[in-house]
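My entries follow the order in which I looked.

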Amino acid sequence: MPAALAKADGDVKDRLDEINEFADYLEKKSIWVFGGDGWAYDIGFGGLDHVLASGEDINVLVFDTEVYSNTGGQSSKATPTAAVAKFAASGKKVRKKDLGMMAMSYGYVYVATVGMSANMNQLMKALTEAEQYKGPSLIIAYSPCINHGINMTRSQDEIKRAVDCGYWPLYRYNPELTAEGKNPFALDSKQPNGKFREFLLGQVRYSSLQRQFPELAEELYSQAEAEAMARYAMYRRLAEMDMSK
Ligand SMILES: Cc1ncc(C[n+]2csc(CCOP(=O)(O)OP(=O)(O)O)c2C)c(N)n1
């Protein structure tokens with residue numbers, strides 16, 4: 001019995017009894033914010049950062065299409081090296097911002113990356129853990145888009161390919177585990193399968209660079225691959241951290 005109910009009497013007790021009787025209906029409010037990468041990484045980043053820093057129990061799901069999709073495919077800070085987009089006609093020259101790492105730096109934000117068809121179980125785990133975590137959560141989902149120049153009827157296969165080649169690593173960072181003395185970072189995707197270049201060339205936003213600027217394309221593809229492999233290696237080191245030291 002709740003403490004307030006035990007102490008109350010008269011009218012107050014009747015009211016509290018009534019509320020207690022319907023306690024099952026007083027569900028925890030579930031609050032989710034949905035947005036694209038242009039919003040989350042770029043023009044809305046200040047607001048997103050403020051919300052994450054608030055410590056409030058709020059969940060954010062970012063559909064990362066790696067461009068501003070709705071306005072026609074402009075480059076955002078989520079656009080990776082070598083991708084052709086508006087304002088990056090000869091391929092983006094600098095790497096994709098690691099929004100997840102920035103959010104992890106708070107230490108009290110639940111962070112996960114997901115890829116729907118690559119690992120449905122991991123997606124469900126991330127959504128459930130974010131919902132259960134009593135603080136801010138950020139989930140970043142790889143989201144194939146018409147601007148990528150792919151067959152959109154096969155977009156789920158594309159997500160799986162992205163994860164398997166190390167283009168889109170999957171992880172979950174759960175601050176609650178830190179309090180238990182455990183490693184908060186879990187890497188959920190396997191060692192890249194060596195098909196990174198093949199993956200890039202399967203999308204017109206990358207392959208078109210080869211036709212227009214062949215030498216530059218070679219350089220940017222290599223750079224993109226090196227950056228992605230370094231990012232995967234960094235995540236693996238995080239996942240293998242010895243928390244007792
Ligand atoms: C503050 C602000 N600036 C610009 C716009 C115009 N605008 C509408 S949709 C959009 C693209 C958003 O891109 P993204 O967040 O990546 O979402 P996606 O279209 O990819 O789902 C922009 C710039 C806006 N709505 N609000």
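**Second largest pocket**

I began with the lining of the second largest pocket, where helix 7 gives the most, with 3 residues. The model is predicted, so I note that local features need pLDDT of at least 70, side-chain atom pairs count only at pLDDT 80 or more, and totals for chains, interfaces and linings use all residues. Residues are numbered from 1 along each chain as its sequence is written, and side-chain values use heavy atoms, with hydrogens and water left out.

I looked up the lining: 14 residues, of which F63, M116, A141, Y142 and S143 lie nearest the centre. Strand 2 (59–64), helix 6 (120–132), strand 6 (137–142) and helix 7 (155–164) each give two or more residues to it. Helices (H or I, at least four residues) and strands (E, at least two) are DSSP runs, numbered from the N terminus. This pocket holds about 200 Å³ of space. A pocket here is an open set of points on a 1 Å grid over the protein atoms alone, where a 1.4 Å probe fits, with protein on both sides within 12 Å along at least five of seven lines; lining residues have an atom within 4 Å of a point. A volume is the space filled by probe spheres set on the points, which are joined across faces, edges and corners.

I sorted the lining by class and got 10 nonpolar, 4 polar and no charged residues. Ala, Val, Leu, Ile, Met, Phe, Trp, Tyr, Cys and Pro count as nonpolar, Asp, Glu, Lys and Arg as charged, and the others, Gly among them, as polar.

**Largest pocket**

I found about 270 Å³ of space in the largest pocket. It is lined by 16 residues, with R95, K96, E227, A228 and R231 the closest to its centre. Helix 11 gives the most to this lining, with 5 residues. By class the lining divides into 8 nonpolar, 1 polar and 7 charged.

**Ligand**

I listed the residues around the ligand (a heavy atom within 4 Å); among them are D37, I43, T65 and N70. Helix 3 supplies the largest share of the shell, 4 residues. For polar contacts (pairs of N or O atoms within 3.5 Å; within protein, one must be able to donate a hydrogen and the other to accept it, and residues adjacent in sequence count only if both atoms are side-chain atoms), I noted ligand oxygen to backbone distances of 2.7 Å at G38, 2.8 Å at W39 and 3.3 Å at V67.

**S208**

I checked S208, which lies in helix 10 (residues 204–212). Its side chain has a polar atom 2.8 Å from the backbone oxygen of V204. Is S208 buried or exposed? S208 is buried because its relative accessible area is 15%, where buried means under 20%, exposed over 50% and partly exposed in between (1.4 Å probe, protein chains only).
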